[in-house]
Amino acid sequence: MTSTKTVLVTGASTGIGRATALRLDRAGLAVFAGVRRSEDAESLAAEASERLVPVLLDVTVDTQIAGAAALIAERVGDAGLDGLVNNAGIAAAAPLEFVPIDELRHQLDVNVIGQVAVTQAVLPLLRAARGRIVNVTSIGGIIAGGMLGPYNASKFALEAITHALRNELAPWGIEAIAIEPGQIATPIWSSASDRADRMLERMPPQAHELYGRAIAGARKYAKRAAETGISPDEVAATIERALTARRPRTRYTVGTDAFLGATLLARLPDRARDRILSGRRR
């Protein structure tokens with residue numbers, strides 16, 4: 001493997017992570033694909049070349065992170081690791097007034113703390129190769145609306161972490177790059193709906209009385225994203241570009257809605273943007 005560019009992709013079981021792992025494998029890179037279940041590992045291996053190595057990796061489990069880092073270090077040797085794609089993530093949709101605090105902690109644990117934990121574990125390998133860190137954030141890390149507060153908070157945090165890493169690691173030539181997709185046709189949204197159902201069961205009747213309409217709107221958004229969002233392959237193509245470009249950009253938006261959000265909505269006065277996002281007329 002030391003003669004081939006090497007990349008670790010987290011959250012490679014489905015969606016963007018799986019599309020990225022397979023795309024990089026087809027491009028000739030040696031991919032360590034982080035998955036949470038053995039059946040996902042078998043499925044990936046069956047579809048990829050021998051260069052792809054599935055790795056059991058739950059980003060919230062310290063022992064699995066350490067084990068993955070040790071395996072990669074053994075495989076790459078002194079050549080180090082050329083790239084890390086922090087993609088693992090979940091989405092929790094609920095009004096912040098009533099979101100169960102343990103669910104909020106879990107959202108941040110997966111989408112924020114887990115990303116930093118994996119990054120810390122493999123940074124010596126990235127430093128050896130002057131590698132790159134690619135963090136899959138979201139347009140939801142630039143613009144926040146209602147009902148997705150936990151998810152938005154995690155992605156805003158990951159944006160900040162990306163900027164901080166880019167500055168801190170510049171002396172070693174390590175780039176940190178944000179990928180900011182809009183609506184993507186990925187299982188994360190169906191999972192979000194399932195998670196929302198479980199959270200709603202734990203909320204008091206008052207939550208439904210106060211936020212019933214907004215919760216229904218969030219469900220429609222999640223359903224539309226899962227059905228009409230752009231393909232995860234488009235995000236994977238952008239991630240490949242970020243990993244291989246001679247002079248990568250610091251951020252890449254993916255999708256028309258993400259582009260409009262970053263270039264137009266994000267620059268509007270807060271009150272005007274709030275009205276647009278909430279659908280209020282005044």
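1. Basis. The model is predicted: local features need pLDDT of at least 70, side-chain atom pairs count only at pLDDT 80 or more, and totals for chains, interfaces and linings use all residues. Residues are numbered from 1 along each chain as its sequence is written, and side-chain values use heavy atoms, with hydrogens and water left out. Helices (H or I, at least four residues) and strands (E, at least two) are DSSP runs, numbered from the N terminus.

2. Main core. The largest nonpolar core holds 28 residues. Val31, Val85, Val134, Ile179 and Ile239 have the most contacts inside it. Two or more residues come from each of strand S1 (6-9), H1, strand S2 (30-35), helix H2 (38-47), strand S5 (132-136), strand S6 (175-181), helix H8 (232-244) and strand S7 (251-254). A nonpolar core here is a set of buried Ala, Val, Leu, Ile, Met, Phe, Trp, Tyr and Cys residues joined through side-chain atoms within 4.5 Å. Buried means under 20% relative accessible area, exposed over 50%, and partly exposed in between (1.4 Å probe, protein chains only). In soluble globular proteins, nonpolar side chains tend to be buried together.

3. Second core. A separate core has 26 residues, among them Ile65, Ala68, Ala88 and Val118.

4. Val31. Contact means heavy atoms within 4.5 Å. Leaving out residues up to four places away in sequence, Val31 touches Val7, Val9, Ala21, Leu24, Asp25, Arg51, Leu52 and Val53.

5. H3 and H4. The axes of helix H3 (residues 62-76) and helix H4 (residues 101-129) come within 10 Å and cross at roughly 20°. Axes are lines fitted to C-alpha atoms, for helices over the stretch in contact, and angles run from 0 to 180 degrees between N-to-C directions. H3 and H4 are therefore roughly parallel. Angles under 35 degrees count as roughly parallel, over 145 as roughly antiparallel, 65 to 115 as roughly perpendicular, and the rest as oblique. H3 contributes Ile65, Ala69, Ile72, Ala73 and Val76 to the contact; H4 contributes Ala117, Val118, Ala121, Val122 and Leu125. By class, that is ten nonpolar, no polar and no charged residues. Ala, Val, Leu, Ile, Met, Phe, Trp, Tyr, Cys and Pro count as nonpolar, Asp, Glu, Lys and Arg as charged, and the others, Gly among them, as polar.

6. H1 and H8. Here the axes come within 8 Å and cross at roughly 55°. The pair is therefore oblique. On the H1 side, the contact includes Ala19, Thr20 and Leu24; on the H8 side, it includes Ala236, Ile239 and Leu243. The class count is nine nonpolar, two polar and three charged residues.

7. Thr20. Thr20 sits in helix H1 (residues 15-26). Its relative accessible area is 1%, so Thr20 is buried. Beyond neighbours within four places in sequence, Thr20 is in contact with Val9, Ala236 and Ile239.

8. Positive phi. Most residues other than glycine have a negative phi. Arg130, not a glycine, has a positive phi of about 50°. Arg130 lies in the loop between H4 and S5 and is exposed, because its relative accessibility is 56%. Met147 has a positive phi near 75°. Met147 lies in the loop between S5 and helix H5 (149-169) and is buried, because its relative accessible area is 13%.

9. Glu42. Glu42 belongs to helix H2 and counts as exposed at 56% relative accessibility. The C-alpha atoms of Glu42 and Pro54 are separated by 7.9 Å, with the two residues twelve apart along the chain.
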